[in-house]
Amino acid sequence: NIRGSLSLTILLHDDKPGSETLTTAEGNTIIIIPQGILPTDYYVIIGTLTAALDVIKQNADNSLPPLYKSSGNTLREFTIKNEVGGTLTLTGQGTITIPYEDDNQDAYVMIDGVRVREETLRIYHLQNGEWKIVPGVQHQNETDNWVQAQVGSLSVFILIGQTAEKDLSKVEVYPNPVRVNKGDTEVVFGK
């Protein structure tokens, strides 16, 4: 489901005291930029899934472990540029918030027809063609349906969670049987 690029582009002045908080029109996609982490006035651009980003997303999805699912409608591309169009780099931590849809508040979200456990949703970023979890503490609000993290750089971000398997008949468990007396110290689950 490619929704097109919904974006926010706004010129901000770095000399303004405090943090800048920007929210997109569709609601709840937020970036907070503290004063002093950019060297000059800047434009903030927040884009959503486009056809080009969908191809990148599909390729990056191949790097996900089994039972993990990415939500295309949560994909966001955050960019900061100077007044002449050059890309800027953060010199400190900014904060991003990404919303997700959960119509019935049943502790699961649907991603491409698959049930994903809401509590497992985390923000990942695109790095060298693969999804990598954003390090550090992430905050989730399951009532208002968003996940928030601090980031030291901007790129393409997405929410990824673990699927809620109903049928466990295809899940592999090894070693099987587990023999603790013979040195088995862990059980591995795979698919």
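Predicted model: local features only at pLDDT ≥ 70, side-chain atom pairs only at ≥ 80, totals over all residues.

User: In which sense do strand 7 and strand 8 pair?

Analyst: Strands are DSSP runs (E, at least two residues), numbered from the N terminus, and two of them pair if DSSP finds at least two bridges between them. Here strand 7 (residues 108–111) and strand 8 (residues 114–117) are antiparallel, with 4 bridges. Val 109 has Val 116 of strand 8 as its bridge partner. The two strands form a hairpin with 2 residues between them, and Asp 112 in the turn has a positive phi of about 50°.

User: Is Thr 74 buried or exposed?

Analyst: Buried means under 20% relative accessible area, exposed over 50%, and partly exposed in between (1.4 Å probe, protein chains only). Thr 74, in strand 5 (residues 68–81), is buried because its relative accessible area is 1%. Contact means heavy atoms within 4.5 Å; not counting residues up to four places away in sequence, Thr 74 touches Ile 98, Pro 99, Tyr 100, Phe 157, Ile 158 and Leu 159.

User: Where does Thr 143 lie?

Analyst: Thr 143 is in the loop between strand 11 (138–141) and strand 12 (146–151). With a relative accessible area of 61%, Thr 143 is exposed. Its C-alpha atom is separated by 7.4 Å from that of Gln 105, 38 residues apart along the chain.

Note on methods
Residues numbered from 1 in each chain as written. Heavy atoms only, no water.
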